[in-house]
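Open the model in your viewer and keep the selection tool at hand. We will go stop by stop.

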Amino acid sequence: MSAVWLCVLAVGLATVAIKAAGPVLAGDRDLPERAGRVVDLVAPALLAALVATNALATDDRIVIDERAAGLGVAAVAILLRAPLLVVVIAAAATAALLRAF
Amino acid sequence: MLASVADETGQAESRREAGRARETAAGAPRREVRPSPRGGRYRDGVRAVAPLVPAVLAFGISFGVLARAAGFPGAASLVMSATTFAGSAQFAVVSVLGAGGTAAAAIGAAVLLNARYGPMGLAAAHVFEGGRLRRFLESQLLVDESWALSNRGGRFDRHVLVGAGALLYVGWVGGSAIGVAAGDRLGDPATLGLDAAFPALFLALLATQLHSRHAVLAALTGGAIALVLVPLTPAGVPVIAATAGCLVGLTRPARATERRRAPRAAAVARETSS
């Protein structure tokens, strides 16, 4: 088997299993309240990490570039209560404009 | 769009009709839309994620192009998009193999990147319904965007997750196919600033969650952990480690959290009406 197919199948199987683990195994079981409060906070913690890494990380470096500028504009749009579509387009347009000049 | 995500009560029929027209125009998968006892509908997920479709399509295309350039057979690229269905891990495999790295290094990087779906799936596990096979199939529609959009002020909505995930899946696999077929005749999505769309999306979704001090603390902790680890660890580790930010939930008695649920719900309602 070529390295490409080995990677495709191994990563595919692993990802399918990781995604299914919680929904299939944890399922309907109610978590204890204390655990429930912790799990509720997974979302903000992970979202903040996704914001940080998507906007500022390039490989293993922190880079302030057009993405960060787009994020700043997005933050202003969010504070002004702009709809999600406007927020996303404003960020992309900011980055695109900065790259064009 | 955010308003439609936060909508728990249903909207005027005219807006639904407008939404239906848009979906059809966008080529969204036609599915039987039925009202759910919990308020969400598959269509809500499709509508919520629609603004991201151009970006997802563009990244699918660039995956197809880059994979081909790295020597992937076309079928391998498509099988990968259809099974892995997670952009960052797929790009990691292509870049490691393309740079002459070993299969083990590529697989390790991709699995680390996708390990975040463990905690994400656990957080949303309670909304999945039905038998194991159905849970299994629906869980495969879990990606960053569908997961984040389906989180309505701390609670997950299965219809939004499945509706958004299905449209993202079509966009991602379709984009990959276009990229494989069209080769490098297509431009770089970065020129259009599409890479800046994703952090903006996640920030907008994060903003809807910051209605308790706990949530703000968890976000600050998670973001800080990720940034500190970026230069120190392989890609993927920073985001997984950031999950530890949720442990701030252990620091307060239950009553404090319960009391804050009410203002948070009010804030969601405000967004809905605006």
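Helices and strands here are DSSP runs, a helix having at least four residues and a strand at least two, numbered from the N terminus. The model on screen is predicted.

**Stop one: chain A.** Select chain A and trace the chain from its N terminus. Its elements run α-α-α-β-β-α-α. That gives 5 helices and 2 strands. Now colour chain A by burial. Of its 101 residues, 48% count as buried. Turn to contacts within chain A between residues at least 6 apart in sequence: 30% of them join residues at least 24 apart.

**Stop two: where the chains touch.** Show chain B as well. Here 68 residues of chain A are in contact with 93 residues of chain B. On the chain A side, select helix H1 (3–26), helix H2 (33–40), helix H3 (42–56), strand E2 (61–62), helix H4 (66–79) and helix H5 (84–100); each gives two or more residues to the side that touches chain B. Which element gives the most? H1(A) does, with 20 residues. Colour this side of chain A by residue class: 48 are nonpolar, 8 polar and 12 charged.

**Stop three: the core.** Next, select A:Leu47, A:Ala91, B:Ala197 and B:Ala200. Within the largest nonpolar core, which has 111 residues, these four touch the most other members.

**Last stop: B:Ala200.** Centre the view on B:Ala200. Leaving aside residues up to four places away in sequence, B:Ala200 touches A:Gly70, A:Leu71, A:Ala74, A:Val87, A:Val88 and A:Ala91.

Notes. Residues are numbered from 1 along each chain as its sequence is written. Chains are lettered from A and ligands numbered from 1 in the order in which they are written. This is a predicted model: local features need pLDDT of at least 70, side-chain atom pairs count only at pLDDT 80 or more; totals for chains, interfaces and linings use all residues. Two residues are in contact if their C-beta atoms, placed from the backbone, lie within 7 Å. Ala, Val, Leu, Ile, Met, Phe, Trp, Tyr, Cys and Pro count as nonpolar, Asp, Glu, Lys and Arg as charged, and the others, Gly among them, as polar. A nonpolar core is a set of buried Ala, Val, Leu, Ile, Met, Phe, Trp, Tyr and Cys residues joined through C-beta atoms within 7 Å. A residue is buried if 20 or more other C-beta atoms lie within 10 Å of its own, exposed if 12 or fewer, and partly exposed in between; C-beta atoms are placed from the backbone.
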